[in-house]
Amino acid sequence: MGATTSLLRAQRANLLQYVGRQVRDSMLSEDIVQEAYLRLISFESKPGGVVNDAPAFLRKISLNLVRDHFRRTKSVPLVELPVTIACPIPTADVQLERKQLVDLVFEILKAMPKLRRDVFIRRRVNGESAGEVAEALGLSPSAVSNHVARAVLDLDAAIEKIEQRAC
């Protein structure tokens with residue numbers, strides 16, 4: 001391999017130029033050429049590993065390594081992430097506050113007279129019209145409006161009391 005070694009050293013500069021034109025990165029070119037030489041030596045060290053044209057073999061290995069490099073860079077796209085990524089799930093303290101608010105509204109609704117509570121839930125929660133609620137419960141539309149207004153006042157007053165206690 002003495003004559004082959006000197007031939008390969010002379011070929012190295014040509015191979016670097018060839019690979020450099022493909023990848024346009026000198027560090028990557030060096031890596032590819034070095035890997036090509038390692039594969040040639042590995043191939044020749046195996047039984048029956050005879051290479052008749054080492055420069056052509058090195059060019060072919062280098063070309064395959066270049067193709068592998070570009071396949072890898074295409075299949076794994078780089079995506080820059082922002083420094084902080086907003087999580088769509090509310091934080092634990094926000095979830096707890098929401099649960100406490102729901103519990104509070106539930107307790108206030110439980111304390112209302114049954115008819116007022118039913119009217120309020122049908123109108124504000126279920127989205128029924130005043131006419132639909134009036135017909136279903138045997139009330140006039142104005143009575144439905146009055147019950148909703150009183151329910152809103154009850155909720156507002158109860159929440160105001162709780163906020164005053166918290167201060």
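Start by selecting R71 and D68: their side chains meet in a salt bridge, 2.8 Å from N to O. (A salt bridge here is a side-chain nitrogen of Lys or Arg within 4 Å of a carboxyl oxygen of Asp or Glu.) Both residues lie in helix α3, 3 residues apart, about one turn of the helix; helices are DSSP runs of H or I with at least four residues, numbered from the N terminus. R71 is exposed at 52% relative accessible area, while D68 is partly exposed at 28%. Those words mean buried under 20%, exposed over 50% and partly exposed in between, with a 1.4 Å probe and protein chains only.

A note before you move on: this is a predicted model, where local features need pLDDT of at least 70 and side-chain atom pairs count only at pLDDT 80 or more, while totals for chains, interfaces and linings use all residues. Residues are numbered from 1 along each chain as its sequence is written, and side-chain values use heavy atoms, leaving out hydrogens and water.

Stay in helix α3 (residues 54-75) and pick L58. L58 is buried, with a relative accessible area of 0%.

Next, select R116 and D154, whose side chains form a salt bridge of 2.6 Å, N to O. This pair links distant parts of the chain, with R116 in helix α5 (residues 114-125) and D154 in helix α7 (residues 141-166), 38 residues apart. R116 is buried at 16%; D154 is partly exposed at 28%.

Finally, zoom out: the chain has 7 helices and 0 strands.

Definitions and conventions. Helix = DSSP H or I, 4+ residues; strand = E, 2+ residues; numbered from the N terminus.
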